[in-house]
Amino acid sequence: MSKITKRYIFVIAILLALFSVYNYFIYTSEAYTATAALSPQAVKGQELWQENNCWSCHQLYGLGGYLGPDLTNVYSHPDKGPVYINAFLNSGVKSMPKFQFSENEKAAIIEYLRMVDETGYYPNFDASIENSGWVTLKYKNGR
Ligand code: HEC
């Protein structure tokens, strides 16, 4: 092996070592773990949400179908909340079907919407522009 080839191999070995260390820190850092994990009841609610295609008419964080309203903050809305959500799940309205949910299922969907609501605001206008030029959104619970 020529001297120059050895030098290349040496440099590449150093770069690979740095790359490994870098990856180790990136993929083991806390920043990559989800801050909000759904409770088992909320997971059940999410399954019901998906199985019954609530998505096709409703949005969370603006994503979904547009026949019905966005439900990101329906839980904490001053005029709405759990009892209000329950009423819609009981009876539907003319453009929302009446579902035949059990009490447990309704409670699970409401728990899911409660936990979604906890994660933030939609739409979120509470933002500040930092000196660095980045826009920082204000989240619930300081997250
Ligand atoms: C076929 C479309 C459709 C489907 C599917 C649907 N909805 Fe709705 N939903 C609507 C419409 C439209 C409204 C608004 C009705 C009104 O205000 O008159 C509504 C209203 C609501 C409201 C009250 C929202 C508010 O801010 O006033 C809740 C809560 C709700 N739906 C939950 C659900 C859940 C949970 C599911 C799934 C189990 C679901 N909906 C499935 C169409 C739908």
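The answer below treats the ligand site and then some points of the chain beyond it.

A: The model is a predicted one, in which local features need pLDDT of at least 70, side-chain atom pairs count only at pLDDT 80 or more, and totals for chains, interfaces and linings use all residues. Residues are numbered from 1 along each chain as its sequence is written, and side-chain values use heavy atoms, with hydrogens and water left out.

H58, through NE2, and M96, through SD, coordinate the iron atom of the ligand at 2.0 to 2.1 Å. Donors here are N, O and S atoms within 2.8 Å of the metal (3.2 Å for Na, K and Ca); water is not among the atoms, so sites may look incomplete. The arrangement is octahedral because the 6 donor atoms around the iron atom subtend angles of 84 to 177 degrees. Six donors count as octahedral if opposite donors are over 155 degrees apart and all others between 65 and 115. The pair links distant parts of the chain, 38 residues apart: H58 belongs to the loop between α2 (40-51) and β1 (59-60), and M96 to the loop between α3 (82-91) and α4 (103-118). Helices (H or I, at least four residues) and strands (E, at least two) are DSSP runs, numbered from the N terminus.

Both residues are shielded by the protein chain: H58 is buried at a relative accessible area of 11%, and M96 is buried at 16%. Buried means under 20% relative accessible area, exposed over 50%, and partly exposed in between (1.4 Å probe, protein chains only).

The ligand is surrounded by 22 residues, of which C54, C57, H58, Y84 and M96 are the closest. A residue counts as near if one of its heavy atoms lies within 4 Å of the molecule. The largest share of this shell, 4 residues, comes from α3.

In H58, a polar side-chain atom lies 2.8 Å from a ligand nitrogen. In K80, a polar side-chain atom is 2.8 Å from a ligand oxygen, and in the side chain of Y84 an N or O atom is 2.5 Å from an oxygen atom of the ligand.

Beyond the site, T72 is found in the loop between β2 (63-64) and α3 and is buried, with 0% relative accessibility. The side chain of T72 makes a polar contact with the side chain of D70 at 2.5 Å and reaches the backbone nitrogen of Y61 at 2.7 Å. A polar contact is a pair of N or O atoms within 3.5 Å; within protein, one must be able to donate a hydrogen and the other to accept it, and residues adjacent in sequence count only if both atoms are side-chain atoms.

Some backbone geometry also deserves mention. Most residues other than glycine have a negative phi, and most peptide bonds are trans. Y61, in the loop between β1 and β2, has a positive phi of about 50 degrees although it is not a glycine, and is partly exposed at 33%. N53, in the loop between α2 and β1, likewise has a positive phi, about 55 degrees, and is partly exposed at 47%. A cis peptide bond, with omega of about -10 degrees, joins Y122 and P123; P123 lies in the loop between α4 and β3 (127-129).

Note on methods
Tetrahedral: all angles 85-135°; square planar, octahedral: opposite > 155°, others 65-115°.
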